[in-house]
Amino acid sequence: MGLSRRAAIVASGRIATTASILVVNALLARAWSPELFGTFSAIWILGNTLVPFFLLGIPGALLYALPRQTTNTGTLLAQTTTVLGLSALVLCAVLWIGAPVISQANHGLTADYLRGFLLAFLPYVFCLVAGGHIESILVATGRHFWQAGLSWLGAAILMGSAAAAYQMGWSVQQTLIALSAAAVLRLIVAYVLLTRTGLSRPRVDGLGDFLRYAVTIGASEGIGSVSRSVDRLVVLVLLDPSQLGIYHLGAIEVPVSLVLASLVTVMVPEVSRLMAAAQTEQVADLFRVAVVRLSWLILPLFFFLYVFAADVMALYLPPEYADSEGVFRCFLLMLPLRCAIYNPILVGSGRASWALLGALGDLLLNASVSVLLVLWLRDAHPSWALLGPAMATVGATYVQVTVLLLAMAHLLQRSLWRLVPWGHLLRVSIFAVAAALVAFWMTMMILDSPGPRLLLGALLMAAGVWGIPALVAGGDRRELAAILRAIWRREST
């Protein structure tokens, strides 16, 4: 099976998982008031933020270790399964013990009130950690269809639980129980698949070196998880639960990571080879090509979503969550930064610690600015308080990316002006802005419903931002054709 086909199969499962979370949020926002949904969001965020820490980096380490291990594979699978089962129990204990600390920080949540919901949600969190390595095992052992099937099953039963809660008017606690039951069912199926991969009895010997390698990955992933959630935690602690629900629904990062992950997979080994040969000019050219190609997708998507943000949120959420639109627009401002991918250059050149330091700096800056903005806006401009953490997240991300770009420019011995294709980015942005505004004006003139407006707007946007450049500019036409060939060509390996 070709690399692209395997990546597409795995990506389909990730798409299903991401889509299921969006569907769950949309259904439950319609089922409850903002206050109740805010309480649900608090439980959800507290549990999910800590999960990467307690996975201990094992899923990522297995992707590296299993293809290299020819003997005792079953023992390693049993060892990691046992470790993650124990780690899951520790996470549940941490959440239970930490409930009073959270309740003291937020006067809207008492310890008993919070623990009542946590009791219903802890099985879900346990399953996330206890089975968090199984998809990696299935991928590493060549069972890509099994991995995708498991992801689709988990997505289906999760959405089914939320749909039942919406249709039957379940309380938050009943819904958390249903979500936990769905997670347990998925874990049972995952363990059945795990036994088919050659699981054997666990032993202690040989585990230390693997865990030392895995924990390094886990620390980086944990910091990334906290960095992605710190703005929500600030809202939880400094504002009330109803505002957390509104913020949580608007704080959506457009999931372009699947495209980026594909490029990372291809670029890291290539960058490593070129850097070993001291061919920094070729690495810089490779980075520019990646930016050019990504910009054709990401910049049009950014301007389309920003112009049509009101329709997107009206279709996604009920009117009670209208304030989520402002948060959504703030988070959209980070999307243009995804035109560049930074880790392949740093990892491929042996500077992975630079990326980790960048993530740490982003976390510290984001947390401090979020707190300061919320405290100031909460008193001076209460209606803007909800935007404080969003603005802090965007600002911290821009600072982090600027530092990473400067580090890459230094590493590749090329000025920032020559490293990034600014002229191309400007040209694509002009086409995208014009196409988005024309599409918005035309759809507003002839349609009243947000759904049809988005559909027609997307078609007009595609024609304007890709069709017109392809017709009038030979260079753009060749670049777009090259992108299409890269997407559709078959691979033999």
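Thr443 lies in helix H19, where helices (H or I, at least four residues) and strands (E, at least two) are DSSP runs, numbered from the N terminus. The model is predicted: local features need pLDDT of at least 70, side-chain atom pairs count only at pLDDT 80 or more, and totals for chains, interfaces and linings use all residues. Residues are numbered from 1 along each chain as its sequence is written, and side-chain values use heavy atoms, with hydrogens and water left out.

Thr443 counts as buried because its relative accessibility is 0%; buried means under 20% relative accessible area, exposed over 50%, and partly exposed in between (1.4 Å probe, protein chains only). The side chain of Thr443 reaches the backbone oxygen of Phe440 at 3.0 Å. A polar contact is a pair of N or O atoms within 3.5 Å; within protein, one must be able to donate a hydrogen and the other to accept it, and residues adjacent in sequence count only if both atoms are side-chain atoms. Neighbours within four places in sequence aside, Thr443 is in contact with Phe308, Arg453, Leu456, Gly457 and Leu460, contact meaning heavy atoms within 4.5 Å.

Gly451 belongs to helix H20 (residues 450-472). Its C-alpha atom is separated by 9.8 Å from that of Tyr316, 135 residues apart along the chain. Ser161, in helix H7 (residues 144-168), touches Trp170, Ala178, Leu179 and Ala182, not counting residues up to four places away in sequence.

| Residue | Relative accessible area | Class |
|---|---|---|
| Ser161 | 11% | buried |
| Gly451 | 23% | partly exposed |
| Cys92 | 13% | buried |
| Cys127 | 9% | buried |

The structure holds zero disulfides, a disulfide being a pair of cysteine sulfur atoms within 2.5 Å. Cys92 is in no disulfide, and the nearest cysteine sulfur, that of Cys127, is 8.8 Å away. For Cys127, the closest cysteine sulfur is likewise in Cys92, and the 8.8 Å between them is too far for a bond.

The second largest pocket holds about 310 Å³ of space. Of the 16 residues that line this pocket, the closest to its centre are Pro336, Leu337, Leu405, Trp422 and Leu425. Helix H12 (280-307), helix H17 (387-412) and helix H19 (422-446) are the elements that give two or more residues to the lining; H17 supplies the largest share, four residues. By class, the lining has 15 nonpolar, one polar and no charged residues. Here Ala, Val, Leu, Ile, Met, Phe, Trp, Tyr, Cys and Pro count as nonpolar, Asp, Glu, Lys and Arg as charged, and the others, Gly among them, as polar. A pocket is an open set of points on a 1 Å grid over the protein atoms alone where a 1.4 Å probe fits, with protein on both sides within 12 Å along at least five of seven lines; lining residues have an atom within 4 Å of a point. Grid points are joined across faces, edges and corners, and a volume is the space filled by probe spheres set on the points.

Over the whole protein, the secondary structure comes to 21 helices and zero strands. Buried residues make up 47% of the 493 residues. Among contacts between residues at least 6 apart in sequence, 81% join residues at least 24 apart. Helix H10 (residues 241-250) is mostly covered, with nine of its 10 residues buried; among them are Pro241, Tyr247 and His248.
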